[in-house]
Amino acid sequence: MIEVKGLRFTYPRAKAEAVRGVDFSVAAGEVFGFLGPSGAGKSTTQRILLGSLGGYSGRAAVSGIEASRADGAYRSRVGAAFEFPCFYQKLTGRENLELFASFYPGPKDDPRELLERLGLAEAADRRVAEYSKGMKMRLNLIRALIHRPRVLFLDEPTSGLDPANARTVRDLVRERAAAGAAVFLTTHDMAAADAACDRVAFLVDGRIAACDSPAALKRRYGKRAVVVEREAPERDGPSLLSPEYPLDGLAEDEAFRAELRKPGLLGVRTLDSSLDQIFLQLTGRELA
Amino acid sequence: MESREPAGTDQARTEPIVGVSRNLARLAAADIRMLARDPLLAFIPFIPFLAAFVLRFAVPLLSGFLERALGFRLLDWADLVRAVVLLFPGMFYGMAAGFLLLDDRDDGVSAYWGVTPAGRAGYLGARLGLFSAAAFLAGVLAARALGLGRPDLGRELGAAAIGAAQAAFFGLFLAAFAADKVEGLSVLKALGGLDLAPLAVLLALPLRIAAWPFPQYWAAELMLGRNSRSGIALVAGLGTSALWIAALYGKYRKRIE
């Protein structure tokens with residue numbers, strides 16, 4: 001669905017390349033997370049793929065069509081939700097959806113159903129100017145989904161959402177992927193990426209520093225070991241962690257088995273890395 | 001939620017990319033709603049008709065007064081007044097289009113259209129086209145509402161076409177040069193001088209040449225037939241309009257990119 005090979009781009013009058021030879025592909029039915037600090041080249045790559053930015057070298061194609069030749073047919077296959085939702089403020093949520101949807105060919109979803117699903121049914125006939133940031137973000141997602149795109153570009157889709165709405169958004173994205181859409185998700189929210197993505201790529205200074213499934217990355221950048229967690233001796237004190245036990249030969253490790261027999265067992269933790277820690281390790285930057 | 005087939009499948013590909021008339025109707029409805037919900041813009045569509053009605057009664061009164069006081073009969077120049085009335089809707093509807101484009105830019109909507117099948121240029125063309133079409137129709141109707149001068153549908157349609165192009169001209173001028181609505185009002189004041197361009201038909205050469213780049217002058221020439229043939233005036237009016245619109249579109253694109 002999405003194919004990027006040797007992609008390079010330099011902004012006019014800039015000294016350094018914004019994108020420096022990026023390779024990746026996103027298959028139908030896959031949710032691909034594009035992660036990285038601000039200025040890493042995520043938005044530039046997305047703009048190129050959306051056909052909004054020309055003058056690149058390498059390959060950037062959606063459904064086999066090069067982005068530099070993006071036309072109405074190309075854009076009709078794509079749904080996009082930008083980080084900052086933009087709507088006609090004087091029109092209602094429903095009027096906005098109907099207007100934008102009318103420019104896409106083919107079958108569409110019933111806006112009422114999507115509005116209901118994302119908790120906007122009651123606000124559908126209110127002007128967008130009266131919406132909160134979270135409501136605009138949800139409307140933003142509906143606009144990207146309503147024409148049933150084959151490829152979805154989502155930029156921080158859970159930004160400003162409460163946990164319940166963020167979960168609904170993730171569920172909807174997964175459903176669309178299950179129906180065959182390729183999803184390109186740009187985010188700083190590592191928990192959202194971990195929960196929603198089949199694979200993630202970390203972009204650092206215009207290059208992909210790591211790309212794999214979240215589970216594989218967490219194993220690769222973590223330790224192949226476990227610790228045992230037990231209750232603290234004093235009430236309300238912090239729980240106790242055992243020394244680390246390597247995964248290799250764990251079943252025969254007598255010290256580990258003895259640890260399990262001690263009273264107050266709370267659980268056994270693997271020492272996988274989190275995506276947050278991998279982000280920090282690869283970029284040298286804390287998440288904002 | 002049931003399983004859904006993504007768009008862009010064979011069925012979707014065989015459909016036309018844009019059902020033009022349906023989309024224009026949707027966009028027109030949206031623009032009308034936005035105008036109606038904006039206290040600054042809601043009355044603009046009616047101003048040309050109001051002006052035509054006021055002039056219908058004011059010009060004969062003023063003409064009588066001037067004839068008595070100065071021996072000047074204003075009613076002899078009713079065709080010039082008719083030309084100005086034909087141009088009014090282009091100016092006012094262009095203002096409204098320009099203010100909506102400023103809102104679009106502030107809200108980021110114009111950038112979003114770039115990732116839709118319509119594209120930025122398609123959307124801009126559709127919006128300006130709708131306002132121009134409305135200005136054309138309103139120009140013909142306002143001229144009828146004026147009721148002064150000699151009715152000549154052929155000339156009126158030509159002048160209304162030049163007036164319609166002014167909707168795109170004013171809309172793009174505002175969007176290209178103003179940062180917001182307040183600046184837009186200042187830009188409009190600067191453009192106010194164009195109202196005088198039709199009066200240049202009264203000037204002798206070579207002074208009249210100064211008005212040649214302005215389509216409003218050619219609309220007056222078309223209506224009066226004083227210095228040019230009507231065909232030449234029509235081509236010149238539409239040609240200068242096209243040149244202005246092309247130049248302003250280039251400026252507008254630079255501003256939004």
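Predicted model: local features only at pLDDT ≥ 70, side-chain atom pairs only at ≥ 80, totals over all residues.
A:Phe9 stands opposite A:Val19 in strand E2 of chain A. Residues are numbered from 1 along each chain as its sequence is written, chains are lettered from A and ligands numbered from 1 in the order in which they are written, and side-chain values use heavy atoms, with hydrogens and water left out.

First, the sheet around that pair. Helices (H or I, at least four residues) and strands (E, at least two) are DSSP runs, numbered from the N terminus. Two strands pair if DSSP finds at least two bridges between them. E1(A) and E2(A) run antiparallel and are joined by six bridges. They belong to an open sheet of four strands in chain A, in the order E2-E1-E4-E5, with antiparallel pairing. E2 and strand E5 (65–66) of chain A are at the edges with a single partner strand each, so one side of each has no neighbour in the sheet.

Between E1 (2–9) and E2 (19–26) of chain A there is a loop, and A:Arg13 lies in it. Most residues other than glycine have a negative phi. A:Arg13 is not a glycine, yet its phi is positive, about 70 degrees. A:Arg148 is another non-glycine with a positive phi, about 55 degrees. A:Arg148 sits in the loop between helix H5 (133–145) and strand E7 (151–155) of chain A.

Which of these arginines is buried, and which is exposed? Buried means under 20% relative accessible area, exposed over 50%, and partly exposed in between, with a 1.4 Å probe and protein chains only. A:Arg13 has a relative accessible area of 85%, so it is exposed. A:Arg148 has 16%, so it is buried.

Next, strand E3 (residues 31–35) of chain A. Why is E3 described as largely enclosed by the rest of the structure? Because five of its five residues are buried. In a regular strand the side chains alternate between the two faces of the sheet. In E3(A) both faces are covered: A:Val31, A:Gly33 and A:Leu35 are buried on one side, and A:Phe32 and A:Phe34 on the other.

E3(A) has parallel neighbours. Five bridges join it to strand E8 (residues 182–187) of chain A, where the bridge partner of A:Val31 is A:Val183. Four bridges join E3(A) to strand E9 (residues 199–204) of chain A, again parallel. In E9(A), A:Val200 stands opposite A:Gly33.

With 57% relative accessibility, A:Ser38 counts as exposed. A:Ser38 is 18 residues from A:Tyr56 in sequence and 20 Å from it in space, C-alpha to C-alpha. Helix H1(A) itself is largely enclosed by the rest of the structure, because six of its eight residues are buried. Those in H1(A) that are buried are A:Lys42, A:Thr44, A:Thr45, A:Gln46, A:Ile48 and A:Leu49. Just after H1(A), A:Gly51 has a positive phi of about 80 degrees.

Now the cores. A nonpolar core here is a set of buried Ala, Val, Leu, Ile, Met, Phe, Trp, Tyr and Cys residues joined through side-chain atoms within 4.5 Å. The largest one has 94 residues, and those touching the most other members are A:Ile2, A:Phe24, A:Leu49, A:Tyr88, A:Phe153, A:Phe184 and B:Trp113. Helix H4 (residues 78–107) of chain B gives the most to this core, with 14 residues. Apart from this core lies another of 42 residues, including A:Ala124, A:Met135, A:Met190 and A:Leu217.

Take A:Phe184 as one example. Contact means heavy atoms within 4.5 Å. Leaving aside neighbours within four places in sequence, the contacts of A:Phe184 include A:Ile2, A:Phe24, A:Phe32, A:Phe34, A:Gln46 and A:Leu49.

Last, chain B as a whole. It has 10 helices and zero strands. Its C-alpha atoms fill a box of roughly 80 × 35 × 35 Å, taken along the principal axes. Of the 257 residues in chain B, 49% are buried. Among its contacts between residues at least 6 apart in sequence, 74% join residues at least 24 apart.
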